[in-house]
Amino acid sequence: MMNVNRYVLSRSLHFGQRLVSRSTRRAATDAERLQQRRSIRTQSRNLAYAKDLFLGQVNKAEVFPYPEIGNEEVEEINQLVAPVEKFFSEEVDSAKIDREAKIPEETLNGLKELGLFGIMVPEEYGGLGLSNTVYARLAEITSLDGSIAVTLAAHQAIGLKGILIAGNEAQKQKYLPKLASGEHIAAFCLTEPGSGSDAASITTRATLSEDGKHYLINGSKFWISNGDMADVMTVFARTEVVVDGVKKDKISAFIVERDKLGIRGRLAFSACEVSFDNVPVPVENVIGEVGGGFKVAMNILNSGRFSMGSSSAGMIKKLIELTSEYAATRKQFNKSLGEFGMIQEKFALMSINAFVMESMAYLTAGMMDRPGLPDCSLEAAMVKVFSSEGGWICTSEALQILGGLGYTKNYPYERYVRDCRILPIFEGTNEILRMYIALTGMQYAGKVLTGKIKEMKKGNIGLALGMVGKKLRASFGSSADLGLTGKDGVVHPSLAQSAKKFEQNVDLFGSTVESLLYRYGKTLVDEQLILKRVADVLINLYAMTAVLSRSSRSISIGLRNHDHEVLLTNTFCSDAFFKNNYWMTQLQKHSPENNDANIKKIAREVLENRAYVCSHPLERTF
Amino acid sequence: MKSARCLLQLQCLTLVGQSTRSAAQYGALLRAASSRRVFRHFHSGPARPKEQPIPAEFVNGDDKKRDRSLVAHDDLFERVAREVKTKATFNKVVDVFIKNDVRRRGHVEFIYAALKKMPEFGVERDLVVYNRLLDVFPKEVFVPRNFIQRMFNHYPRQQECGVQLLEQMENYGIMPNMETKVLLVQIFGEKGHPMRKFQRIMYWFPKFKHVNPFPVPKHLPEDPVDLARFSLTRIANDRDAKVTVHQLPCTDVTESGEQITLPHVVGIQSPSQVELLAKHNPNRPLFVEGPFPLWLRSKCVYYYVLRADPTPPEEKVEEPFDPERCLDYPLQLDLDLDRDLGDEESFDVEDLDEGPVFAMCMTGLGEQAVLNQWISGLQEDNPILGQVPTLFRLDAGPRELQGATDTESFHHHGPEPEYQKEERQPQEEPEVTLEEEPRTSQRMKR
């Protein structure tokens, strides 16, 4: 149902409206629009929370206090959320959509009327012009139906995103208004039958016609969400570009209109194959520069994966409601289901997961809404990995609570489980994202480290002494103090213990990363199992940051039920602390906990055999 | 003299039915009358059986003659063999021996003779036959009854014979079964040498049964094309490799009445080899080399390879790193740090650059004309072969590849039939000598 696609959310269209109080909204939006246009091209990252963790540092100014939104925006959200929620609970029949594999026309019209097709399109182009934070809030509701979530995401998170972030003014004027109103639906055509993340295997080709006015596109694209109903598509194809006098094949992005080509929608819904046979596209429909498609694609993909955090959280919160109702009423052995420990554990798991995902998603969204368009792709990728895996586990545990009933089609659980299964796959598989997370950080830490080494070689004794001193201090077992608690602390004292654990983890992580860099150098790229653990530790660290920051704020401003948040935070932090310690122990040299060599060997033997290797246990030799 | 004896023994064989009955009667009599004496007699020592201690009145005339020596047992087999050598006849011989004499006189000699004859009868890999042979030993007689007997080598000749039998099984790779064990226990007791041998076999055989990761089936395919297919997949050891039969063996008669036999041409090539060949520099020649031998059990087949010389270092082009290759994560780390010495896990092996092998083939006739056919067949998948010069570097090794049966029907229409025949000779010879060997040794013993 939720077919493979990548959906990415809009980078940012607004200032974080939280800390800055503004008298008029309109004036600000104009200013930031200008700023946005400028900063697309400069991929500067002036925000480096996650990267700094690789150095064993906590850049606490970035994540404390937890981002807030202004009162006006809260009102705006409340105005928006209520009708959307009403629409989803009353007018959307998810079971029917699932059964028929098609979103009914009237449901689509309802979504269009609510403006959900242009949440992040600026108001001057007819959209709602909302921030990432509000987008995340709406995603919580739209995720209740997988098909609608995918359609919306494919439309605005990736489909029209190219035009939004890299298109010129004429393209925006021409396409955005109709896209924002939902009159036209957008699709994103990158994946090909033989090409996923590997740009080199893209075979679709665009050749300039003889008169030089058109590009002719040939090839086929696969797994295109909205492919069957899209009117405007962002298509990536190879073009011949002359670089330094040498002809090279580079990828370019094109806007292709549906009525100009013969698209065969092959699958009934959402995902389908789109093939191009000499489709003419005018030269002015190139997004960005010719040959600059790779950057455009990467920006679209990287920019927003964060909303999956709030979507998954929305789904889990809904499931908790449904299953707790059942667990409280169903009786076995004169006890209600909720009195059994193993059932209780499932509820705790679901709440903790929902809480962590939510915290991470809104922390990231808040970061993205800050002025200056910070690059939060690393954080967004972490949110995506954590929430897609957590969502999968939680939905299947929810189903488990109902037992056999949950498995039947009479209840929505199996649909949720099915829909959640796609989450770890699309938008960049979790494996690939882990590589991205670990390698980006490693590259950053490696640069800092080699810089230090160079300094020392030049004879900077102070630096060398400082490093030796740090090592000595660590070997004498002084506990790490990164200043989260105590004087100038940013974490509430009731979370001090969790904060200490977090600090200890961060400190150890920094030295682990350093030793990994010394040990493997640039060959670290090939050590996927190590990188996986590095990424997992970092995801946990970021999750700990998010919950610490959020609960500290909740306690401080006295939000309702903040004691429950403290409970969840402490539980999650101590759990994550032990997991992190274990993973980092595995990362030590000659660690007996580390089974990587064996794992590789098993896989190699299985793959050589291309089957399960062992003999059957019932076989005999004599 | 020889023919006379044969005559006599033939007669004996026809009389077997009657004579065994009489032997059985005598045996019953004997047992009833003086069983104790007989046992004592058996216990009396290993040296005795050689001396022919059997009282003449218990044996009829024919048997006496046969039991006189080892030659007699050999003869027994020879006689039957004259008709046809099969498992049935072998069993018949064993039956004759068993029914002949209830005391199984000369059974050690008989078993030795039988063991030697087994390959001739084609039963050397038949467990049932081995068990039958073991059954020839009298039961319970050789089981030690007290600690002194147990301490010393009790009935060494019999035990040795039992061990020899198990040894032959071992050599042919036959695993004993439960019946063997029961027989051994009945004959030699729980702790005799043959039992030890049995235990050792049962310890090692199961362990070694699957030790070869590339087992060769017991029965190789008869059809030369199937055999070539099997051997080529075995050498290539690549699951993706595709076997192509470029030409099936067939016999045609031309208009002039001349018979033409086309040899089979079977080739193998994997997709990665196709890829490798496509990248080959067309200015550098390719070589067809061979024949190289491949042994499959006792069969030898020959194959040819298409290969090139290793690319010289100056022509090697490393693919430039494309930073715009992966959409999701960096494929390389831009760092000055290399792997630490302590984490260097690669071995320091002297790297010899060998030339790539692009394809392999097997054919019924290793002639350039035939191999050319293979190359042109390969051209379908590898168009580059049309531009690359291909050199044939063929050894003058055996050209006839599929044994005598295949070559007999072969009539080459080319210019050098004489040469063909010469080539065939060395291939046939070893087979002949192999067959000849046992016969000559027999004759010598006679």
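User: Which residue just after H11(B) takes a positive phi?

Analyst: That's B:Asn237, with a phi of about 50°. Before we go on: this is a predicted model, where local features need pLDDT of at least 70, side-chain atom pairs count only at pLDDT 80 or more, and totals for chains, interfaces and linings use all residues. Residues are numbered from 1 along each chain as its sequence is written, chains are lettered from A and ligands numbered from 1 in the order in which they are written, and side-chain values use heavy atoms, with hydrogens and water left out.

User: What makes residues 224-236 of chain B a helix, H11?

Analyst: Helices are DSSP runs of H or I with at least four residues, strands are runs of E with at least two, and both are numbered from the N terminus. H11(B) has 13 residues, so it qualifies. Its first and last C-alpha atoms span 18 Å, close to the 18 Å expected (1.5 Å times one less than the number of residues).

User: Which residues of H11(B) are called buried?

Analyst: B:Pro224, B:Val225, B:Leu227, B:Ala228, B:Ser231 and B:Leu232. Buried means under 20% relative accessible area, exposed is over 50%, and partly exposed is in between, using a 1.4 Å probe and protein chains only. Down the helix axis these buried residues fall within an arc of 155°, so they line one face of H11(B); the arc is taken from the directions from the helix axis to the C-beta atoms.

User: What do the buried residues of H11(B) pack against?

Analyst: Strands of chain B, including S1 (242-247), S4 (265-269) and S7 (357-363). Contact means heavy atoms within 4.5 Å.

User: How do you know that chains A and B touch, and how many residues are in contact?

Analyst: By that contact cut-off, 27 residues of chain B meet 40 residues of chain A. The buried area between them is about 3200 Å², with carbon and sulfur atoms giving 55%; that's the accessible area (1.4 Å probe) the two parts lose on being put together, summed over both. B:Leu327, B:Asp328 and B:Leu333 supply 25% of what chain B buries against chain A, more than any other three residues.

User: Why is the pair A:Glu527 and B:Arg339 called a salt bridge?

Analyst: A salt bridge needs a side-chain nitrogen of Lys or Arg within 4 Å of a carboxyl oxygen of Asp or Glu. The N to O distance here is 3.2 Å, so the pair passes. The count between chain B and chain A is five salt bridges.
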